[in-house]
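Here is a short report on one protein chain. Look through the sequence and the model before reading on.

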Amino acid sequence: MSKPNILIFMVDQLNGTFFPDGPADWLHVPNLRALSERSTRFVNAYTASPLCAPGRAAFMSGQLPSQNGVYDNAAEFASSIPTYAHHLRRAGYQTCLSGKMHFVGPDQLHGFEERLTTDIYPPDFGWTPDYRKPGERIEWWYHNMGSVTGAGVAEISNQLEFDDEVAFHAVQKVYDLARGKDERPWCLTVSFTHPHDPYVARKKYWDLYEDCEHLDPAVPAMDYDDHDPHSQRIFDANDWRSYDLTDEMVRRSRRAYFANISYLDDKIGEVMAALEATRQEAIILFVSDHGDMLGERGLWFKMSFYEGSSRVPLMIAAPQMAPERVDTPVSNIDICPTLCDLAGISMDDVMPWTTGESLVHLGQGGERTSPVSMEYAAEASYAPMVSLRYGKWKFNRCALDPDQLFDLESDPHELRNLAGVPEHAGTLTQLQAKAEARWDLEAFDAAVRESQAKRWVVYEALRQGGYFPWDYQPLQKASERYMRNHMDLNVLEENQRFPRGE
């Protein structure tokens, strides 16, 4: 039996609450809406860690940050950790990445046979936080509120340039796959950086949301002293005291964010149109690495276990899975084993060290009882934080803070911490026991501190004297493209055409 082709769309910082069952009806996203209608839609999907590099490494490996060591946006993703690209390639797939994956370290492929673009973020250790200096704000790379105060319209930006390139190369790759030069099944990952801040959008998409009724956050901004300790740390890390945000700035930021979702929809549509035009079939998966608080409770960006930051859209269109809504909580660490399951590939060799579980059976009416785990040990934290989503409950723990317990059915905006309410003491005790069975927070903290300290030494050393960057340099084989004198023109023209001539 032939193995299915696989097309993965990953986006960056897309809030999963805007995908209550596929995209919300007010979003202008015809391509994603069409995809959702033929997909299994996981409406309670979560990131393994609400930050770019940790969320993506978890998505690729099926491991939590405490397992793969990718704690923050400057932690090395070890070459010895198998990813879905390794598993598929080992089983005979050609594997290709167009776009962002925020790999840190000298390995910039991690199982991908081909990478079509460079990355948008640096792959070195320069963005390493330092638990030895709690409260230190590293000015040159920490988030700040400039993304909000500067929100608006632009026809080109750093991120628009990148995603335009990602989509262009992905479309060209789809055409190339159709020409049949390689008989192996393929897995193409197309990974965009939008709608990640800064909140800047092209006017074409900005105009779609002029009369949008969702430009104000559902939960207004709170006073600093009314926030939980970790949210206060996020405010401090984001340098909130240096900015005076207005309601109009908030609305403009949200409008640009929604506009960039529509921009992404167009780019995804370009790739899907090429797939359809070349008559290729593929399993299609759509997911984000984490969400964006987008002004809810006054919080922005990610770095939090609140729903806006930690919940992500996840849709899978596959023949083995029914096009229906699944409410069971799941994680992006489940994607690696799910892809292998869909491709008929065994992960038995590494399953003892893999936390993720296949989701295929959930798209066939199956059940799941294990909780979803999340971790955070990056900027704005002074010690590792962990979370469990179990049924309707979310339980958050950090050694520095009081426990949090939320009932997401009755309190979807997580405004009432039930950890101190006597009638919920049994639930709290049960989830505390599950967390303690899964995590040794003292050992977790020690491992993060060791990693940070070592990386600071290496980064400072490598910046002295000759410097050889780890940035991925896409290879363009110019002598093998178009027409060259070692080629037969007639053969070239025939081979490069799809469909073939008579």
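## Terms and model

Helices here are DSSP runs of H or I with at least four residues, numbered from the N terminus. Serine 262 is found in one of them, helix H9. The model is predicted.

## Overall build

The protein chain holds 14 helices and 17 strands. Its C-alpha trace spans about 80 × 50 × 50 Å along the principal axes. A compact globule of 502 residues would have a radius of gyration near 23 Å; the chain has 23 Å, so the two agree.

Of the 502 residues, 60% are buried. Take the contacts between residues at least 6 apart in sequence: 74% of them join residues at least 24 apart.

## Surface and charge

The protein chain exposes about 20900 Å². Carbon and sulfur atoms supply 49% of that area. There are 48 positive and 75 negative side chains. The centres of the two sets lie 3 Å apart.

## Nonpolar cores

The largest nonpolar core has 90 residues. Leu7, Phe9, Leu27, Phe192, Tyr199, Phe258 and Phe286 touch the most other members. Helix H9 (residues 247-277) gives the most to this core, with 13 residues.

Is serine 262 buried or exposed? Its relative accessibility is 3%. Buried means under 20%, so serine 262 counts as buried.

Not counting residues up to four places away in sequence, serine 262 touches His28, Val29, Tyr205, Leu208 and Tyr209. Valine 312 is 50 residues from serine 262 along the chain. The C-alpha atoms of serine 262 and valine 312 are separated by 17 Å.

## Helix H8

Why is helix H8 (residues 229-237) described as largely enclosed by the rest of the structure? Because seven of its nine residues are buried. Those buried residues are His230, Ser231, Gln232, Arg233, Ile234, Phe235 and Ala237.

What covers the buried residues of H8? The cover includes strand S14 (372-376), strand S15 (385-390) and strand S16 (393-398).

Notes
Residues are numbered from 1 along each chain as its sequence is written. This is a predicted model: local features need pLDDT of at least 70, side-chain atom pairs count only at pLDDT 80 or more; totals for chains, interfaces and linings use all residues. Side-chain values use heavy atoms; hydrogens and water are left out. A nonpolar core is a set of buried Ala, Val, Leu, Ile, Met, Phe, Trp, Tyr and Cys residues joined through side-chain atoms within 4.5 Å. Buried means under 20% relative accessible area, exposed over 50%, partly exposed in between (1.4 Å probe, protein chains only). Helices (H or I, at least four residues) and strands (E, at least two) are DSSP runs, numbered from the N terminus. The radius of gyration is taken over C-alpha atoms; the globule rule is 2.2 Å times the number of residues to the power 0.38. Contact means heavy atoms within 4.5 Å. Accessible areas come from the Shrake-Rupley method with a 1.4 Å probe; for residues, only the protein chains shown count as cover. Lys and Arg count as positive and Asp and Glu as negative; His and the chain ends are not counted. The place of a charge is taken as NZ of Lys, CZ of Arg, CG of Asp or CD of Glu.
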